[in-house]
Amino acid sequence: MALKAEIVSIGSELTSGWSLDTNAPWLSRALGELGIAAAWHATIGDDMADHVAAFRIAAERADLVLTTGGLGPTQDDLVREALAKTAGVGLREDAESLAAIEALFARRHRAMSPRNRLQALLPEGAEALPNPVGTAPGVWMTIGRAVFAAMPGVPNEMTRMFAEQVVPRLRQRHWVERVIVHRKIALFGKGESDVEADALDLTARGRVPEVGITASQATISFRIKGEGLTQEAAWAQTEETARTIRDRFGPLVLGEGAVDVAEALVEQLKRTGATLATAESCTGGLIAHMITAIPGVSPYYPGGVVSYANQAKTDMLGVPAELIRAHGAVSAEVAAAMASGARERFGADVAISATGVAGPDGGTAEKPVGLVHLGLATADGVQTRRLEIGPEQPRDIIQRRSAKQAMNWVRVTLLERPDREASR
């Protein structure tokens, strides 16, 4: 029978919604790569009865229980005592843990509070998990059918403790006998249902390797799961499927890993050596923000203009006032003029523009909320595109999808250009 794990995230800041739990998703992925399924996630606040209840449930149904948080020195850090109560044992002071805590404070030239001594307490029968970068050692113990590994809630402390202390112990138990890899290939330019319709053979149940499909902010991702006795074998199992996705979807493919449209666009700018300027109205500088968030883009992005008002379009981009009066600011004609103006003023190889009705007000029957016009100016001339994102969409979605569509248009245009080294 396959091992099943439970992850328990601890802290009232999580249950109240004031903080986002990033530890549990990270641990789920890390366990998955070891061939251990995370079957349950639980999130509990800083209450002793809730701790004990959650630990008892986990001890009855899981083989491995990973907890994060609740190991600090304050009164709301209850994990050590809760583990002891769940197991029906007392607490003892661990001399090695106390020495490590004292040494850490000494290295930082800080006086240790008496309350930090509580962090050296362990349930009887438990083993300490050393923490070289924090004051809270972890706890490794067995309760019922389950092995518990209690780790700090601070992400960098948790990830290091998991890798250096928990995983070796799992290997000693022969719980890690295979390697699982996950590959993500991102696409943009088609809806999720359209992409899946062209990939039913890839996402079929029972297929090896397993392929899933997800969507986030109009970016579609294929997730390929490979398994093997070694990292190399697991990766090799995914290669043919990854190649099929790239061949089948061609220019829709942004890349592999945590890549999205902006990263893929900047990669094409670097490959071709092209420069890009932006002219934005309804997106309010979002295109420029997403581009400049990518390291190394400076040589390829001379700048952009946020021409929100009509007068700014005229003064900053040279859009004729009569053109705006004749067609309106939200029009293909104005989008084309904005792109041409940006390309000329910044001396860029390519310029992209966006003008539209982001809502929730300002729409008309002729120009509803969600209508956006894009302009693309190159040495070959100016093109425009009309987007109808939908009046039911909130303002931020309209802006973000417009920005991503604009960047993707530039990306696909640059795909047709040769590498800058080859063109020299």
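Student: Where does Pro-360 sit?

Tutor: Pro-360 is in the loop between strand 15 and strand 16. Keep in mind that this is a predicted model.

Student: What joins Gly-359 to Pro-360?

Tutor: A cis peptide bond, with omega at about 5°. Val-208 and Pro-209 are also joined by a cis peptide bond, with omega at about 0°. Pro-209 belongs to the loop between helix 7 (192–197) and strand 10 (210–216).

Student: How many aromatic pairs are there?

Tutor: Three, counting rings whose centres lie within 6.5 Å.

Student: Why is the pair of Trp-26 and Phe-162 called edge-to-face?

Tutor: Look at the distance, then the angle. The two ring centres are 5.7 Å apart, and a pair needs them within 6.5 Å. The planes meet at 85°, and the cut-off for edge-to-face is over 60 degrees. Therefore the pair is edge-to-face.

Student: Which elements does that pair link?

Tutor: Trp-26 is in helix 2 (residues 23–33) and Phe-162 is in helix 6 (residues 155–172). The two residues are 136 residues apart, so the pair links distant parts of the chain.

Student: Is Phe-162 buried or exposed, and how do you know?

Tutor: Phe-162 has a relative accessible area of 3%. Buried means under 20%, so Phe-162 is buried.

Student: What makes the pair of Phe-222 and Phe-249 tilted?

Tutor: Their planes are 45° apart. Stacked needs under 30 degrees and edge-to-face needs over 60.

Student: How do you know that the charged end of Arg-173 sits over the ring of Trp-175?

Tutor: The charged end is 5.2 Å from the ring centre, and the distance limit is within 6 Å. An angle limit, within 35 degrees of the ring normal, applies too. Arg-169 also has its charged end over a ring, that of Trp-140, 6.0 Å from the centre.

Student: Which residues touch the most other members of the largest nonpolar core?

Tutor: Leu-265, Leu-276, Ile-291, Met-407 and Val-410, out of 42 residues. Among the elements that each supply at least two residues are strand 9 (179–188), helix 9 (261–272) and helix 14 (395–415). Helix 14 gives the largest share, seven residues.

Student: What is Val-410 in contact with, leaving aside neighbours within four places in sequence?

Tutor: Leu-265, Leu-276, Val-350, Ile-352 and Leu-376. A second, separate core has 25 residues, including Phe-55 and Phe-148.

Student: Why does His-174 count as exposed?

Tutor: Its relative accessibility is 57%. Exposed means over 50%, so His-174 qualifies. His-174 is in the loop between helix 6 and strand 9. Its phi is positive, about 60°, although His-174 is not a glycine.

Student: Why is Gln-217 called partly exposed?

Tutor: Its relative accessible area is 43%. That is between 20% and 50%, so Gln-217 is partly exposed. Gln-217 is in the loop between strand 10 and strand 11. Gln-217 is not a glycine, yet has a positive phi of about 55°.

Notes. Residues numbered from 1 in each chain as written. Predicted model: local features only at pLDDT ≥ 70, side-chain atom pairs only at ≥ 80, totals over all residues. Heavy atoms only, no water. Phe/Tyr/Trp six-rings, centres within 6.5 Å; stacked < 30°, edge-to-face > 60°. Helix = DSSP H or I, 4+ residues; strand = E, 2+ residues; numbered from the N terminus. Buried < 20%, exposed > 50% of the residue type's maximum accessible area, 1.4 Å probe, protein only. Core = buried A, V, L, I, M, F, W, Y, C linked by side-chain atoms within 4.5 Å. Contact = heavy atoms within 4.5 Å.
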